[in-house]
Amino acid sequence: MKASRYILIRIVMWVLTIWMGVTLIFIIPRLMPADPIQNMIAMMEHQAGPMPAAEREAMVAQMQRQFGLDESLWNQYTSFLLNGVLRFDFGPSLMNFPTPARDIIFRNLPYTFGLMIVSLIVSWTIGNIIGLLAGFRKDKLSSKIMESIAIFIYPIPIFIIALVFQIVLGFVLGWLPISAVIFGEVWSAQWISTLIRSAALPMLTLVVLGLGWWIISMKALSMSTAQEDFVMFARYRGLSEGEIGRKYVLRNTVLPQVTMLGLSMGGVFGGSVIVENVFNFPGVGRLMLIAVGASDFNMIMGGVTITIIAVTTATLIVDLLIPFIDPRVRRS
Amino acid sequence: MAAIGKMWKHSTVRLKIGFFGVVFFLFLGFVVYLVPHDDPTLFDMWNVYAPPSRDHFFGTTALGQDIFWLLINSIRNSIIIGVIVATIGTTVGVLVGLTAGYLGGKTDRVLSAVTDIFLVIPSLPVLILFTSLVQGGPTTLLMALAIAIFAWAAPARQMRSMTLSMREREFVHTARFSGENAFKIITTQILPYSLTWTLSNFMNAVLVAIGMEVTLAILGLSPATLMSLGNMMRVAQSYNAALLGHWFWIGAPVVASVFFFVSLFMFITGYNDYLSVKRGR
Amino acid sequence: MKKRILAILLALAMAFSVFALTACNGDEVIPPDDQIEDTTTPPPDTNDDNGDTEDPPPPPPEIEVGAMTEVGTLRSETLIVEYQFRPGNPGRFNPHMAGTSRGTGVHQFMWSHLYEINTSRGEQFPEIAADFPTSNEDFTVHTLPIREGMYWSDGMPITAHDVAYTFNLILTNEEHVHHASYNALLESVEATSDFEVTLVTNDPFPRIAQRFGVVLWGREMVIAPKHIFEAMENPVMDEFSDPVTSTAWVVHSFDPDGAWIRLDLREDWERSTTAVVMREVYGITDPPAARHIWMRSIGDDTARQMALINNEVDAMVEFTPEMMRFVTERNPNIEGWYGPYFPWGTSDDPCSKGLTFNAGVAPFDNPLMRWGLVLAIDFDEASMAVFEGIGRSSPLPFLTITGAAQEIYLRPMLPWLEALTVDPGDGGPPIPVWDGGYADRMAEIQRARGIDIPNDRATLDGMFGLGTWRYDPEGAMRLFEAAGLELRGDDWFFEGEPFVINMIAMADAEVQAGRTVLAAADQFRKFGFNVNVEEQISATWIDNNELGHFDITGSWPTMFVTQDIAADLQAGGWWVYEYPPIGESHHPGNMMRFGTPEIAAIVLEKQTIPPEDPRTFELAMEFLKLVTEEMPWVGFHGGIKFCPINTTYWTNWPSAENNYDGPWWWWSCFKYIAWQLQPTT
């Protein structure tokens, strides 16, 4: 198919995916009769002591006005789509009233994305290289060892990996900080160096987790490709193993792996939530868990929406790279 | 019988190991479970942190609970959740995939679009939202349903591509030309063949579902009174088990999940290899 | 060939790292389990005075002289304290803007209030006010003297004009969160001179200091600088990020993400409210040794423990006893309320934890049923399940069992309690309910675990309380049957239907409350009941509490803020005795949906009596006896807080031995504790 058509379809899918995700997010809380304002007031009382009745009622009325919860369902939906999705306006965060939830989410989002993207690139690259070699040379002992190790690492619950790194590298050996401590003006030298030190362990955890999967999938892929006729034919023609690896096996396996890369964003995000929690890394995943604990309705909605949009967009970007890699798409 | 024997002969080492692993865990969760034992959730404050003994194979927790029986119950519950989710997900997915692949055209485009949407949407944020809002706390069934919302997409996609390729096969063409209606063709020709692949999808869905359950449990979003592998880890950590060196308590669910996942994974990939060999690829 | 070598090297590296990770999981770090021989006791406490431990305690960590903190201060001059939680709006320091996070270094070190609290004395003391207010005969006009000689950090004096301005800001600005409630209470506030403020209340109100001063954690009534707020466009919406403070400290810098904040001692510290109060109330004129305060967020529980052990933090909030055990074993300088020894935590936190019965649902509306459940609990075992037996027993409904409350109310009630019985009305003898032997039994239990518990009565009373409710399964059985329950075989039935007790608890936060519910559920199950326990996320749990969707919940409608408990009763809704049906919010009223006309009369009468009048104490006693007979809420323990401190850099922390205040690092009164800490260097 034409590249332009491919791109168009991808973009349409992107819009539809976001729309569907956002609608899901809108519907779910409204299926459950938990009143966010009552909860917030209860939270305030929990922290600052109980309020006499008159005060309480006054506060409830004040907040209902401010949160616009007195409109019809359809109005709420359309305003959610318009404000939430297009303008990222989710209203004020309940725990940091009246700062808009959006501001806090966007402050934290770059940290999560930095973590995800860097660890994804590292684990994808290293994992694919190892997998390629393992698959290509499937009968060697080294290949079997690598695959076995990958199989064992892959199913370890990520929070265990995080905990082990935290205890061993952070506490026992003291090489890296136990929890994230980032200082200095953004983009200053101190900020960059503390950021790198703080992100090292979370990144390491995510890389180890992802590595397993990429090794396994790439190995399977390269193994089956290596058995294809054209590879054998290339061997008969006298091409060296290295050339075969580069020109034939690699080129054919990269494409599905890139597709997988796009699809794996959601999974990596899941890992990031846990890792941010363990290492106190100031990302969006940690923020959402805190919001859940504080029943900060707007923040939860905002965080989930923005995450879905961000991950979907990242997938889109990866998908848009495919025409550049896959000649079949380019040639129409 | 002969068919099974033949299958055994052709299967790889990996498939065999995986198969035995899965069967072992099923055995633990459903057969060993039947051995009469005391309710492992009851506290016994006069016997806390006990080391392994004849009465308590893996010792006891901070609340005097028997770790071995907690583990057996957790394995069972985690498998049940996985199976519920996988059943729902695979059934729905197979139906959607079959329909999309067989009917083609607009139906296919719409269904494929929906499938792809659910593949891309990251499930964890939505699940966090869902579990954080469930009135009265998430029950096991509710949590399984929530996870199942995302579990049907992968099987659907797989089923669709299978159906597409099958549609062009000889015997289907013959059936169509000889006038059989679509429904009959699907059920008598395509379905039986693709069921073999469905097993693989099912196991994969189980794997993903249990993984998601463990994640949610660790984040504190699983019904806390459900004994599951994830919750066992969470409770142990809330009593500082790792730092205090209570290896059996924190180690049992971790090791069990690792081995279970590895077995499932080997079974799935081994089975896929077996099927592709059978297909003559 | 090269590829092969590369592949093998990679494989070896991976294998090695996997083995390294699993193998070196710190045999050096975590004490092995092989110290246990006896299966019935946990590992002996390595802080046992007898010294019969197998691992010698690690040597005290060395202090690096001249070490600097990451925020650029000398470690020896810096007090590092953990945040209670991370502020959502870092840089928002305006006390009159909604959403300002207070316990994150803000109300501790930037703001001052009219009155402050000292929990160990159980009394307020005047902070910005010079003394308690004097009122006219019917308590409608109140005169507040203001201290002299206090200055804002920008040099301007703090006067009655600031106080009046702050009150009027709330009274006139509609966007202020407390606008409605202040107008309901106050008619007018005026500065009648530079150091005198006159308040006129709409109704007789004898408790001005309690309402507008700190009695617990903090207060909304924070005095704002008139000269600065007047100039703001809308004082309720200004972040005030570069704040002028009334205390001895100023903000040096803070993390825009909210991870930390650094405060430094003002140059003109003697002119701050804190210094003036230290001089007038505590008699201390020296400056604080902690010139810098660094408050920060640490991370998850594992990180927090490790940070404390590494001497990176001096004081932390909210540990569990399992965490205390770990950190006190690894670092001999780490202590809890009772030093580095069991029970590590104070029982003086203002909210006792226990079980709330739903008096709006049968059969829990029957006091016989409630008493039955109380007697069905083996408190010794339940207490072990909560915090290993740590905690002062807090048996009475409503009353938080701080040290002061125990002496003022519980001790004089002992004869009455010992004679108290519950009569199931089945013709048999009435059932006595009090058990005064809990403290001694619990001390024995702990000694059997290898922990050294002193023998003197005063310590035992303080540590474990004066008594609890009896464990009487036969008595409980009689009460259940009198309440209409039937036992058919092994199952309980009520009104023909299988009987299930539905219990709910808040998940994650408030560990003590959650564990209390689980321990109680365990007891009820052992008794033979079918119990359904749900741990719910706060939003849901709070909602269910309000709507009455529970049989038993783990909420804590307990208080002891003011000695005569008048304000507490009012705030707790104890004057309500008619409730809406289940499914509708109970406001006003209390979670138990409980009340009687007699109790209401007592609560209302107390509102009209000043706190010094002995009649109000008599009424309080009457109230306590009435609710104890009805038992709508049963207490397990006082509010237990484990707030470990590290004496590597700072000493003279409040503790059981050095009880000059409580371990309240997140309360506004922390400024007075921080002032008194002594450096080790």
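A salt bridge here is a side-chain nitrogen of Lys or Arg within 4 Å of a carboxyl oxygen of Asp or Glu. The model is predicted, so local features need pLDDT of at least 70 and side-chain atom pairs count only at pLDDT 80 or more, while totals for chains, interfaces and linings use all residues. Side-chain values use heavy atoms, leaving out hydrogens and water, residues are numbered from 1 along each chain as its sequence is written, and chains are lettered from A and ligands numbered from 1 in the order in which they are written.

**View 1. Asp522(C) pairs up with Lys526(C) in a salt bridge.** The N to O distance is 2.7 Å. Both sit in helix α16 (residues 511-527) of chain C, four residues apart, so about one helical turn separates them. (Helices are DSSP runs of H or I, at least four residues, and strands are runs of E, at least two, numbered from the N terminus.) Asp522(C) is buried at 3% relative accessibility, whereas Lys526(C) is partly exposed at 36%. (Buried means under 20% relative accessible area, exposed over 50%, partly exposed in between, with a 1.4 Å probe and protein chains only.)

**View 2. Asp348(C) and Arg392(C) form a salt bridge.** Their closest N and O atoms are 2.9 Å apart. Asp348(C) belongs to strand β12 (residues 346-357) and Arg392(C) to the loop between α11 (379-387) and α12 (403-419) of chain C, so the pair ties together parts 44 residues apart in sequence. Both residues are buried.

**View 3. A salt-bridge network in chain C takes in Glu407(C), Arg411(C), Asp440(C), Arg457(C) and Asp461(C).** Over all chains, the whole structure has 35 salt bridges.

**View 4. Over in chain B, Arg160(B) reaches Asp108(B) through a salt bridge.** Here the closest N and O atoms are 2.7 Å apart. The pair links distant parts of the chain, with Arg160(B) in helix α7 (residues 153-167) and Asp108(B) in helix α4 (residues 105-120), 52 residues apart. Arg160(B) is partly exposed at 24% relative accessible area, and Asp108(B) is buried at 10%. Chain B itself has 12 helices and zero strands.

View 5. With a relative accessible area of 0%, Ser272(A) is buried. Beyond its neighbours within four places in sequence, Ser272(A) is in contact (heavy atoms within 4.5 Å) with Thr112(A), Leu115(A), Met116(A) and Leu206(A).
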